[in-house]
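Welcome, and please open the structure in your viewer.

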Amino acid sequence: MDIKIEDSWKQLLKEEFKKEYFNKLVDFVKSEYHNNKVYPQGENIFSAFDYCKFNDLKVVILGQDPYHGVGQANGLCFSVSDGITKPPSLLNIFKEIRDDIGIEIPQSGNLERWAKQGILMLNATLTVRANEAGSHQNKGWETFTDAIIKTISDKKEGLVFLLWGAYAQRKGTVIDHSKHVVLQSAHPSPFAAHKGFFGNKHFSKTNEFLSKSGIKTIQW
């Protein structure tokens, strides 16, 4: 696995790429792609960074695992490729956007358009074996993405972090709340959405903060 990642992130993370855990992670991921069916496609592993340059960053959304079904994962958390049925969590996200700011549910579940507006759509684990949820957890990806969140928190200010569910909230403990807006709620999955995701109004709240800060708002 070559580290083909957008230049601003490559510079920011170059020391991380040299660490022993990351070299072991690369060896593991290379082996998995060689011996198994793994998602997303290799060229999309770092798509979240390729679509959202560091200097353009406005919002961070934290996910957990890539989708493990055929054709779903495209390197952005919660997002699916064009033409793929929307998973339940993504559909609930769109329902909350509709109820919050009145935008109807789009045909496509591809969230590249969000990423291009300055949203880092970051999963905790960037790869997964087909049909085996969590199969690439605890191999080093979480250490890498923790370092990314810490770096973003330290080097930026005035970002909005959207942390949905207990896992994302634990992962977000490294965020400096005095410098950033951190919005937390239940996860959008069907098991949790009615426990506080629906009605969180995170999308209007994000735009309200960006607008007050003189930053172009997100077209959700």
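The axes on this tour are lines fitted to C-alpha atoms, for helices over the stretch in contact, and the angles run from 0 to 180 degrees between N-to-C directions. Keep in mind that this is a predicted model.

**Stop 1: H1 and H6**

Select residues 7–17, helix H1, together with residues 141–155, helix H6. Their axes are 11 Å apart, and the two helices pack at an angle of about 130°. Angles of 65 to 115 degrees count as roughly perpendicular and those over 145 as roughly antiparallel, so H1 and H6 are oblique to each other. The crossing of H1 past H6 is right-handed.

Now show the side chains. H1 brings Trp9, Leu12, Leu13, Glu16 and Phe17 to the contact, while H6 brings Phe144, Ala147, Ile148, Thr151, Ile152 and Lys155. Sorted by class, that makes 8 nonpolar, 1 polar and 2 charged residues.

**Stop 2: H2 and H6**

H2 passes H6 in a left-handed crossing.

Which residues make this contact? From H2, pick Tyr21, Phe22, Leu25 and Val29; from H6, pick Trp141, Thr143 and Phe144. The contact of H2 with H6 has 6 nonpolar residues, 1 polar and no charged ones.

**Stop 3: H4 and H8**

Next, select residues 88–101 for helix H4 and residues 202–212 for helix H8. This pair packs at about 60°, with axes 8 Å apart, and is therefore oblique. On the H4 side, look for Ile93, Glu96, Ile97, Asp100 and Ile101; on the H8 side, look for His202, Phe203 and Ser204. The contact of H4 with H8 includes 4 nonpolar, 2 polar and 2 charged residues.

**Stop 4: the largest pocket**

Finish by selecting Gln64, Asp65, Tyr67, Phe78 and His187, which lie nearest the centre of the largest pocket among its 32 lining residues. The volume of this pocket is about 540 Å³.

Which elements give two or more residues to the lining? They are strand E2 (59–63), H4 from the previous stop, and helix H7 (166–171). H7 supplies the largest share, 3 residues. If you colour the lining by class, you will find 18 nonpolar residues, 13 polar and 1 charged.

Methods. Residues are numbered from 1 along each chain as its sequence is written. This is a predicted model: local features need pLDDT of at least 70, side-chain atom pairs count only at pLDDT 80 or more; totals for chains, interfaces and linings use all residues. Side-chain values use heavy atoms; hydrogens and water are left out. Helices (H or I, at least four residues) and strands (E, at least two) are DSSP runs, numbered from the N terminus. Angles under 35 degrees count as roughly parallel, over 145 as roughly antiparallel, 65 to 115 as roughly perpendicular and the rest as oblique. Contact means heavy atoms within 4.5 Å. Ala, Val, Leu, Ile, Met, Phe, Trp, Tyr, Cys and Pro count as nonpolar, Asp, Glu, Lys and Arg as charged, and the others, Gly among them, as polar. On a 1 Å grid over the protein atoms alone, a cavity is a set of points where a 1.4 Å probe fits but cannot get out, and a pocket is an open set with protein on both sides within 12 Å along at least five of seven lines; lining residues have an atom within 4 Å of a point. Grid points are joined across faces, edges and corners, and a volume is the space filled by probe spheres set on the points. A crossing is left-handed if the near helix is turned anticlockwise from the far one by less than a right angle, and right-handed if clockwise.
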